[in-house]
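Here is the note on the two-chain model that you asked me to look over.

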Amino acid sequence: MTATPEIQDQIKRYLLGELDDGTRAQVEQKLLSDGEVFEELLVAEDEIIDDYASGRLDLEERADFEAHFLATPDRQQKLRFARALHRHAMTLANELETVKRPVIRSLWSSRPWLSWAATTVAVLALIVGTVWYLRSRTTSPKTFATLTLTINQSTRAEGVPAATVKLPLGADALKIFLKLPGSAPPTFRYRVVLEADDGETRPLEVVDQNGESIAVLVPATQLKREQYALTLFRTGGDSGEQRLPGRYLFTVE
Amino acid sequence: MNKEWALTQDAFDRLLDWLDADRIRAGIRYEEIRRRLIKVFIGRGCMAAEDLADETINRVAARIGNVARDYEGDPASYFYGVCQNVHFEYLRKKDVLETREFAAINSVTLRTNLADDCEPEYQCLDACLGHLSNKNRDLVLRYYQEDKQAKIDQRKLQAKELGIAVNALRIRAYRIRLQLERCVLDCLKNDVARMK
């Protein structure tokens, strides 16, 4: 395939509906007359869906993706397929990790000298590991499952269906995009509190925001099978911190 | 254009002749153009993309006598010009009700999608992976295993092991994925049929 990075970028923007009419027409003409460009489009469609499903699109791209790219049922089906494929691949990766461990144990028992060497290595590894751990505690998770939520003005008791997330998550963290009720100036700051069904609450880090939504992260290890509600607080303007009415609900199954 | 005009066998044959003198190659070219027109209409957010692509082809076929005689250049460009007109008329004709219905349906479907519900697809995928050769199954699952930098490194390693360029691996993974996607769609349809 001869698709250059420029064409790849144009195709991505075409798929997100970000091109002006003239450039869009040029891309469409290439799609009709050039088989390689057309194949590039097909590949790019899958990649952009994967990026969306794994939370790798920024907020603006996500908004374009949902408003433009997901406009047809075919593409919505492709998104469900991508999520299933991603989950399958991650489950397999975890299984492979589990299978490797017994092999290491049998190697250990058949070669006693390994234990001396390993002890030395282990001491060194402990030192290096401690340093690494202390430094990496603040680093972000690498893989994400995503969820987009709209604020719900009613209470959970009224039986409003909440979005669901299934465990195992197949990713390091759940990235939740909270659609803001109405647009807000980008200078506003937000604070989010996660409340579990048992009443336990904890603050969540806001990792991204624009005028229409904000994104927060919940590490996969902190999710249990229960219902959750997110409360949003906003600071900005003259009124100090203000709790937004309603909550964002989701269920972990 | 006469809206009642229907594609006749004669017009279709002449359309194929225009696309290529060889009938097999002409058939392939026809399918390519139709498939690409559908993508163009989907890219413009048209729900009835297939119908609009067929309408475009019908219009070209309806004037194939003049086109074959007078038009010079890649037939795909001619189809594109007609497709522009078809889309323009579609936008004009689309009434408010249809737009509202579409928005409502789409909004419901979108919420379903955003809720991360892929369990039926997951079950079908499990079965479909079993239909792949071991080599292809390993390729596609490894290709989609990692994320971010780890993924880039993993794919470089995978391409090296296979002795191909990363872009060639990308295309290979895409084609296997397409096979899986079709299998999953069939599986979902069968499940729905069994439930009826």
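**Notes on the model**

1. Chain B, read along its sequence, follows the pattern α-α-α-α-α-α-α-α-α-α, and its secondary structure comes to ten helices and zero strands. Helices here are DSSP runs of H or I with at least four residues, strands are runs of E with at least two, and both are numbered from the N terminus. The model is predicted, so local features need pLDDT of at least 70 and side-chain atom pairs count only at pLDDT 80 or more, while totals for chains, interfaces and linings use all residues. Residues are numbered from 1 along each chain as its sequence is written, and chains are lettered from A and ligands numbered from 1 in the order in which they are written.

2. Chain A has six helices and ten strands. Of its 253 residues, 28% count as buried, and in chain B buried residues make up 24% of 196. A residue is called buried if 20 or more other C-beta atoms lie within 10 Å of its own, exposed if 12 or fewer do, and partly exposed in between, with the C-beta atoms placed from the backbone.

3. On sequence separation, I looked at contacts between residues at least 6 apart in sequence: in chain A, 73% of these join residues at least 24 apart, and in chain B the share is 58%. Two residues are in contact if their C-beta atoms, placed from the backbone, lie within 7 Å.

4. The contact between the chains takes 43 residues from chain A and 38 residues from chain B. On the side of chain A that touches chain B, α2 (21-33), α3 (35-53), α5 (73-110), β1 (144-150) and β2 (163-165) each supply at least two residues, and the largest share, 16 residues, comes from α5(A). By class, this side of chain A has 23 nonpolar, eleven polar and nine charged residues. The classes are as follows: Ala, Val, Leu, Ile, Met, Phe, Trp, Tyr, Cys and Pro count as nonpolar, Asp, Glu, Lys and Arg as charged, and the others, Gly among them, as polar.

5. How are α1(A) and α2(A) oriented to each other? The axes of α1 (residues 5-15) of chain A and α2(A) come within 10 Å and cross at roughly 110°, and the two helices are therefore roughly perpendicular to each other. Axes are lines fitted to C-alpha atoms, for helices over the stretch in contact, and angles run from 0 to 180 degrees between N-to-C directions; angles under 35 degrees count as roughly parallel, over 145 as roughly antiparallel, 65 to 115 as roughly perpendicular and the rest as oblique. The crossing is left-handed, a term used if the near helix is turned anticlockwise from the far one by less than a right angle, with right-handed used if clockwise. A:Gln10, A:Ile11 and A:Tyr14 of α1(A) make the contact with A:Thr23, A:Arg24 and A:Val27 of α2(A).

6. In chain B, helix α2 (residues 23-43) and helix α3 (residues 49-62) pack at an angle of about 125°, with their axes 8 Å apart, and they are therefore oblique to each other. Their crossing is right-handed. From α2(B), B:Arg34, B:Leu37, B:Ile38, B:Phe41 and B:Ile42 meet B:Ala49, B:Glu50, B:Leu52, B:Ala53, B:Thr56 and B:Ile57 of α3(B), and the residues of this contact divide into eight nonpolar, one polar and two charged.

7. Helix α8 (residues 134-143) of chain B has B:Val140, B:Leu141 and B:Tyr143 as its buried residues. Seen down the axis of α8(B), these fall within an arc of 160°, so they line one face of the helix; the arc is that of the directions from the helix axis to the C-beta atoms. B:Asn134 and B:Lys135, on the other side of α8(B), are exposed.

8. A:Arg234 lies in strand β8 (residues 227-235) of chain A and is partly exposed, with 18 other C-beta atoms within 10 Å. Not counting residues up to four places away in sequence, A:Arg234 touches A:Phe188, A:Tyr190, A:Gln242 and A:Leu244.
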